[in-house]
Amino acid sequence: METQTAIREIKKQILTACYTAKEGHVASSYSILDILYVLYHGVLNCSPDRMDDPARDRFILSKGHAAIGYYAILADAGYISQPLESMCSFDSCLGGHPDCNKVPGVEVSTGSLGHGVPMAVGIAWALKIQRNAAHVYVLAGDGEMNEGTVWESLLIANHQKLNNLTFILDFNHSTDRAVDLGNVGDKLSAFGFEVVEADGHDHEQLKTALLTRADRPVAVIAHTIKGCGIREMTNEPAWHHRVPTQEEYAAFMEELA
Amino acid sequence: MKMRQQFPRSIGEIMDRDERVVTLLGDIGVWSFHEVAERHPSRVSNIGILEQAMIGVAAGMAKTGLIPVVHTIAPFIVERAYEQLMLDFGYQGLCGNFIGVGASYDYSGLGHTHYCPGDVDLLSVIPNMQIVLPGTAEELDRLLKEAYDDGQPTYYRVSERENALSHPVRLGKAEVVKTGKLATVIAVGPMLDKVLEAAGDLDVTILYYTSVCPFDYETFRQYHRSGLLIVCEPYYSGAVLKAITEQDGRFSGKVCSIGIPKSYITRYGTIDEEDRVFGLDPASIRARIEAVLKEQAANGRNDGGSRNI
């Protein structure tokens, strides 16, 4: 299947899951979907039959509220077979935030912002201690960059020279209305990261950026669009955590067709 | 040797034989770990003054199979990084060891920011958090070596207060110090010597607990026969009684709770001075116990109903 067609199909699955479950963060999921797709198609050295392999690359979704986007990619990559529409139902393993004790392929449980990045740094540091060559990717949102623990962790990553860590920033400007991050590239560079920028919806740019290696940790600033693919959702804060009505669902599905 | 000197030595011995163990210091106790760090430079780090990230980083290390030991002052582990303890370690079921100094008002001259009387209360809410209060350096060594790799998050409360003699303690197991008829006195960690001084000559059962979570309910059930329970805790009082009622929702009898009352501690001075203010010195404990025994005798034993005295 052609890549853009595949992305559109996954977006339809996400929308249908959220519409059915009456829960989920659609716009955030659409913001990171291309990043996740590229990660799981030729970047991450892992597979569903190697989920316990110590040598596997790790991915941590620190902005856990984009869980349905993560689940859709894990399903597409063969990690999970549960119907996405079961999300948030009583017995479902698929919650509103990813749970590593329930969902195959999820490395770290996240949800409260500012937790995934420190844990990713800890994993990368531990792999260094164990002389394990696996790489660690962690994805945070620009809103999450308000959290002090993110910056604390970046300090440690630099100090420990964790060149096995790639920090991905989903820079969709959702925090602009609260806190202006300023020149986040300069900030990450000042924190000792090798900074690479990419269009967060351009797969070639993303792949090049995500495969960048340096003698220090790498930060990929992915310029993204929140709600990418649906005009009404695009950069509209009201859609951060909203379920479409029946009419909206029908219209959005048509727009994605 | 005091507990503060013991735990770097114990951790060093554990690290000598177990390559999975890593130690993260929050810029506290660094000198005391310098010999261990020289032996294991890649596994001992002064991570800096960023306690929330320190716990999160430790959890990430635990994800890969390493066993982290994290050390700093109690309020900065328990209160500042509480969500990390709960979500990163507790909820995700990771093994970690958290060694806090500065129990209650051990830093008695430094003020409320450095006091931590609420640690046991707070941590007891985390369902799988083990809470350990050794009474001596030897007990700390024994408990650390028993539990450091048991797959659970465990908080070790290192206190300036210590008992004179060590007991053969085990995690989650109480020691029966003496038996008697009039009351059951539970002494938690470093309260034991005070309880022995206050009530050692009385006809009471004395049980010694170095673990609040898991709580050894079975020993309590077996030895508590009098209808009067007296709990002596070196922190905001109540955790032991909560542990008992969690096990037995029908627990009844008279209860006298001796511990630090929930309040902001605004004074400085010495540990002894604070103890006297809160009635945690042996003379005050003796007076409380005598008063409740007298009341118990006046009312008749086992007169039913549960109430605090």
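The contact between the two chains takes 21 residues from chain A and 23 residues from chain B; two residues are in contact if their C-beta atoms, placed from the backbone, lie within 7 Å. The model is predicted: local features need pLDDT of at least 70, side-chain atom pairs count only at pLDDT 80 or more, and totals for chains, interfaces and linings use all residues. Residues are numbered from 1 along each chain as its sequence is written, while chains are lettered from A and ligands numbered from 1 in the order in which they are written.

On the side of chain A that touches chain B, helix H4 (116-129) and helix H5 (148-159) of chain A are the elements that give two or more residues. H4(A) gives the most, with ten residues. Helices (H or I, at least four residues) and strands (E, at least two) are DSSP runs, numbered from the N terminus. This side of chain A divides into twelve nonpolar, eight polar and one charged residue. Ala, Val, Leu, Ile, Met, Phe, Trp, Tyr, Cys and Pro count as nonpolar; Asp, Glu, Lys and Arg count as charged; the others, Gly among them, count as polar.

Chain A holds an open sheet of five strands in the order S1-S2-S3-S5-S4, with parallel pairing. Two strands pair if DSSP finds at least two bridges between them. Strand S1 (58-61) and strand S4 (194-199) of chain A are the edge strands, and each pairs on one side only. From one strand to the next, the twist averages 20 degrees; axes are lines fitted to C-alpha atoms, for helices over the stretch in contact, and angles run from 0 to 180 degrees between N-to-C directions. Within this chain, strand S3 (residues 165-171) and strand S5 (residues 218-223) pair in the parallel sense over six bridges. A:Phe167 has A:Ala219 in S5(A) as its bridge partner.

Chain B has twelve helices and 13 strands. Its radius of gyration is 19 Å, close to the 19 Å that the globule rule gives for 309 residues, so chain B is as compact as a globular protein of that length. The radius is taken over C-alpha atoms, and the rule is 2.2 Å times the number of residues to the power 0.38. Of the 309 residues of chain B, 55% count as buried, that is, with 20 or more other C-beta atoms within 10 Å of their own C-beta, placed from the backbone.

The domain assignment of chain B gives domain 1 (3-157) and domain 2 (175-308); such bounds come from an automatic or database domain assignment. The C-alpha centres of the two domains lie 28 Å apart. In chain B, 25 residues of domain 1 are in contact with 24 residues of domain 2. Helix H6 (119-123), strand S5 (130-132) and helix H7 (137-147) of chain B each supply at least two residues of the domain 1 side. That side divides into eleven nonpolar, nine polar and five charged residues.

An open sheet of seven strands in chain B has the order S2-S1-S3-S4-S6-S5-S10, with mixed pairing. Strand S4 (residues 96-101) of chain B and S6(B) pair in the parallel sense over five bridges. B:Arg157 lies in strand S6 (residues 153-157) of chain B. B:Arg157 counts as buried because it has 31 C-beta neighbours inside 10 Å. Beyond its neighbours within four places in sequence, B:Arg157 is in contact with residues including B:Gly100, B:Asp119 and B:Gly189.

Conventions. Buried ≥ 20, exposed ≤ 12 C-beta atoms within 10 Å, placed from the backbone.
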